Amino acid sequence: MQSDSNVIPAYWQQHVAYTMDIDMDANNYQYKGKQKLVYTNNSPDELTKVFYHLYFNAFQPGSQMDVRSLNIADPDGRVGDRISKLKPNEIGYIKVNTLKQNGAAVTFETVGTILEVTLNKPIKSGESVTFNMDFDAQVPVQIRRSGRNSKEDVAFSMAQWYPKMAEYDFQGWQTPPYIAREFQGVWGDFDVTLHIDKSFVVGGTGYLQNPQEIGHGYEDKNKELNLPKGDKLTWHFKAPRVHDFVWAADPAYIHDIFKMKNGIDLHFYYKKTLDEKYLKYWKDLQPKTAELMTYFSEHVGQYPYKQYSVIQGGDGGMEYAMATLITGQRSYGSLFGVTAHEMAHTWFQFLLATNESFHPWMDEGFTSYISNKAENEILEEGKENPHSGSYKGYKNIVNRGYEESLATHADRYNTNWAYSTASYSKGNIFLSQLEYVIGAENVAKGIKKYFIDFSFKHPTPNDIKRTMEKVSGIDLGWYLNEWTQTTHTIDYGIKSVEENEITLERIGQMPMPIDVEVTYTDGTKQSYNIPLEMMRGSKPTTAIVLKDWGWAYPTYSFNAVKTVKSVAIDTSKLMADVDDDNNVFEIK
């Protein structure tokens with residue numbers, strides 16, 4: 001009989017249930033919080049410690065985020081040296097005053113943006129415990145994602161604002177210090193009560209439970225308002241099955257609700273003080289956002305919540321649970337584009353919750369892929385390849401020698417440029433180039449299957465690979481390895497054409513299947529497909545499928561059926577060949 005120690009556990013993930021009561025002092029940008037957290041250990045392991053993220057602590061002189069920005073070759077312009085110059089009343093902080101495990105005080109230590117907690121009793125596998133915490137916090141001056149009084153004068157952009165339990169998964173505790181990159185969270189439920197001055201309009205994650213006590217555009221117009229006396233309103237939100245909670249607040253927000261026919265409410269929050277042209281753009285954006293919601297639901301998977309909010313705030317564009325914060329003083333094209341990208345993140349990283357520290361390319365890249373396609377269709381741009389910008393950016397960084405592997409931890413790239421190109425451009429090309437390898441229809445089917453199998457989970461690179469293999473019947477281990485774990489480049493050329501014999505050569509280190517278009521002297525054309533031997537199959541195609549090409553052979557020859565006039569490799573331009581000059585051969 002096999003012992004339990006040799007049994008490989010099935011997929012598991014931890015669970016959280018937050019109940020928070022937050023009292024906001026909007027005049028001095030400080031708040032007091034009480035947090036009850038029911039934490040369920042679904043892992044097969046016994047836990048002796050837990051860890052919380054305290055993200056606001058990054059906005060202090062001398063923090064790792066500050067020093068990293070001062071030393072990196074190409075600092076983010078929004079950060080620069082600004083953190084180093086913050087005064088005590090401008091910094092951000094989260095100070096944990098008390099923390100109890102099942103009613104008994106536990107030992108904890110704040111180390112930068114991480115709270116290290118030593119438990120009184122281990123949390124056994126399958127066990128749930130309750131943590132109760134009191135904390136004080138201060139909202140930093142708006143620098144990166146979160147903060148107060150942004151350049152567009154939004155009062156509060158409250159992202160990653162609470163002590164947030166770190167993820168524990170099959171790789172262990174995920175506790176990177178907050179340097180500059182994005183976030184990972186534990187799936188669960190949020191119940192948040194916020195007390196803030198009654199002049200503020202609040203938008204964000206979750207469903208408002210007491211609209212008739214709030215007003216501000218939430219109320220049922222057919223019922224009486226029941227506004228409380230006093231200077232503050234009490235906002236009560238609930239958010240089921242999410243791994244984050246964001247909110248923003250400003251006294252000058254306009255709050256519009258665009259109701260979709262499928263029952264989803266789209267909320268828009270933008271400042272009434274915007275110039276008239278920007279106010280018009282925000283109105284024009286609303287039906288187009290509904291089209292985006294429909295597109296992503298149809299091409300990835302059905303949006304599972306009844307609400308989504310687009311909120312003016314933050315410092316650019318950033319996705320959160322059931323909401324995004326975006327800057328609002330933009331051209332209409334830019335406003336639509338940032339909304340398309342951030343909303344697409346609802347599927348890639350939010351519902352398909354990859355670890356962004358390890359695999360930001362699965363987050364930003366896949367989001368860029370689907371949002372590019374959505375923009376191309378909804379705005380009727382008519383681009384043959386809506387991802388051409390990603391190919392250009394990738395080739396540029398390769399040619400200049402700054403490329404780094406996608407296997408690099410998000411915080412460890414030598415430059416922000418290398419991080420951005422890897423995550424956005426090369427991550428996007430992972431899917432668009434996969435259309436070239438296994439066929440566009442298989443990629444489209446694979447994305448839908450990926451959503452069905454891994455939404456509300458934490459998928460890994462192997463999960464997207466195996467999904468595409470199952471749909472296409474093609475082996476893709478070589479593709480995942482070469483494209484995401486090396487900096488090998490693709491470069492194929494036409495070595496020679498003699499009468500009707502065509503010889504191709506592999507110059508770059510990364511092997512690929514090859515599409516060849518041959519034009520004959522009589523004006524007719526013929527397409528050929530040469531599978532890569534390691535694929536153990538070929539994509540669906542109307543081309544003539546030739547014998548496969550073993551990657552170790554530097555050249556490959558075949559005979560065309562008639563006298564050749566010209567030969568071209570990859571006319572689709574979906575293969576990220578770093579040198580196009582040798583891709584066309586014409587007989588003079």
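At 2% relative accessibility, glutamine 160 counts as buried, where buried means under 20% relative accessible area, exposed over 50%, and partly exposed in between, with a 1.4 Å probe and protein chains only. Glutamine 160 lies in the loop between β10 (156–158) and β11 (164–165). Its phi is near 55°, a positive value in a residue other than glycine. Most residues other than glycine have a negative phi.

Before I continue, a word on the source. The model is predicted, so that local features need pLDDT of at least 70 and side-chain atom pairs count only at pLDDT 80 or more, while totals for chains, interfaces and linings use all residues. Residues are numbered from 1 along each chain as its sequence is written, and side-chain values use heavy atoms, with hydrogens and water left out.

Lysine 573 lies in the loop between β30 (564–569) and β31 (584–586). Is lysine 573 buried or partly exposed? At 44% relative accessibility, lysine 573 counts as partly exposed.

Let me turn to the chain as a whole. The chain has 9 helices and 31 strands; these are DSSP runs, helices being H or I of at least four residues and strands E of at least two, numbered from the N terminus. With 588 residues, a compact globule would have a radius of gyration near 25 Å, and the 26 Å of the chain agrees with this. That radius is taken over C-alpha atoms, and the globule rule is 2.2 Å times the number of residues to the power 0.38. Along its principal axes, the C-alpha trace spans about 90 × 70 × 45 Å.

Buried residues make up 58% of the 588 residues. The accessible surface comes to about 24500 Å², of which 48% belongs to carbon and sulfur atoms; such areas come from the Shrake-Rupley method with a 1.4 Å probe, and for residues only the protein chains shown count as cover. Among contacts (heavy atoms within 4.5 Å) between residues at least 6 apart in sequence, 69% join residues at least 24 apart.

I now come to the strands near the N terminus in numbering. Two strands pair if DSSP finds at least two bridges between them. Strand β1 (residues 15–25) and strand β2 (residues 30–40) pair in the antiparallel sense over 11 bridges, and tyrosine 18 stands opposite leucine 37 in β2. Their hairpin has 4 residues between the strands, and tyrosine 29 takes a positive phi near 65° there.

Strand β6 (residues 107–111) and strand β7 (residues 114–123) pair in the antiparallel sense over 5 bridges, with threonine 118 in β7 as the bridge partner of threonine 107.

Finally, a helical example. Serine 425 lies in helix α6 (residues 416–438) and, at 12% relative accessibility, counts as buried. Not counting residues up to four places away in sequence, serine 425 touches Ser390, Tyr394 and Ser420.
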